Amino acid sequence: MKKKNVLLIVETSRAFGRDLLKGITRWITENDDWVVHLEDRGLLESTPSWLKDWRGDGIISRTSSLSMAKTLNEQRSPVVELLGNGNQVVAEVRNNEEMVARCAVEHFAQAGFKNFAFFNIGHSWWGRLRQENFEREVRRIDGNPLVFPRSGAGPRVFYPSWGPTMPQCLPG
């Protein structure tokens, strides 16, 4: 059987992307019918110039820019998107944001927590959905959801860069 040529456009600069690649690697090891093409990259890097000319059997991507999504939509190969923005590509693997919120709220409620808060950085479609579902789930258990006042007030990017103006999460 001829092996499939699959391009992976997944960032290697963050633990989340590397964990996705570990899962893909596990699948490849068990199935042994792919030849994978991958280069180290960051999540916010621009679209590689060679992408428009790439020909293969499929692409798995984690796209953080609309220009990259547009280039991927123009590919002749099937594309499976692992991030996207909810409406730019045909096949997206997405979280069930309602279930994410329900599991988190139920977990903390069962642990005895009574107060619930939500903090979202940036303006992402999934962050808004997660926040809406969080608020609904907290109200469902007769709780009062607190959403940080500046939640979502940052720039319209998928992942803002951490810097001196971002809140510190580590103990002082």
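Visitor: Which residue in E2 is the bridge partner of leucine 8?
Guide: Leucine 38 is the bridge partner of leucine 8 there. Before we go on, this is a predicted model, where local features need pLDDT of at least 70, side-chain atom pairs count only at pLDDT 80 or more, and totals for chains, interfaces and linings use all residues. Residues are numbered from 1 along each chain as its sequence is written, and side-chain values use heavy atoms, with hydrogens and water left out.

Visitor: How many bridges join E1 to E2?
Guide: Five bridges join strand E1 (residues 4-9) to strand E2 (residues 34-38), and the two run parallel. Between E1 and E2 the chain passes through H1, a right-handed β-α-β crossover. Right-handed here means that, with the strands pointing away from the viewer, the path from the first strand over the helix to the second runs clockwise.

Visitor: What order do the strands of the open sheet take?
Guide: The order is E2-E1-E3-E4-E5, five strands with parallel pairing. E2 and strand E5 (91-92) are the edge strands, each pairing on one side only. Two strands pair if DSSP finds at least two bridges between them. E1 and E3, for instance, share four bridges in the parallel sense, and isoleucine 9 stands opposite serine 61 in E3.

Visitor: How many helices and strands does the chain have?
Guide: Four helices and seven strands. Both are DSSP runs numbered from the N terminus: helices are H or I with at least four residues, strands are E with at least two.

Visitor: OK, new topic: is arginine 62 buried or exposed?
Guide: Arginine 62 is buried, at 6% relative accessibility. The cut-offs are under 20% relative accessible area for buried, over 50% for exposed and partly exposed in between, using a 1.4 Å probe and protein chains only. Arginine 62 sits in the loop between E3 and H2, and its side chain makes a polar contact of 2.5 Å with the side chain of glutamate 11. A polar contact is a pair of N or O atoms within 3.5 Å; within protein, one must be able to donate a hydrogen and the other to accept it, and residues adjacent in sequence count only if both atoms are side-chain atoms.

Visitor: And which side chains does threonine 63 contact?
Guide: Threonine 63 has a polar contact of 3.2 Å with the side chain of serine 61 and one of 2.6 Å with that of glutamate 81. Threonine 63 is buried too, with a relative accessible area of 2%.

Visitor: What about the largest cavity, how much space lies in it?
Guide: About 70 Å³. On a 1 Å grid over the protein atoms alone, a cavity is a set of points where a 1.4 Å probe fits but cannot get out, a pocket is an open set with protein on both sides within 12 Å along at least five of seven lines, and lining residues have an atom within 4 Å of a point. Points are joined across faces, edges and corners, and the volume is the space filled by probe spheres set on them. Arg62 and Thr63 are among the residues lining the largest cavity.

Visitor: Which residues lie nearest the centre of the largest pocket?
Guide: Phe16, Arg62, Leu82, Leu83 and Asn95, out of 13 lining residues. About 300 Å³ of space lies in that pocket, and H4 gives the largest share of the lining, three residues.
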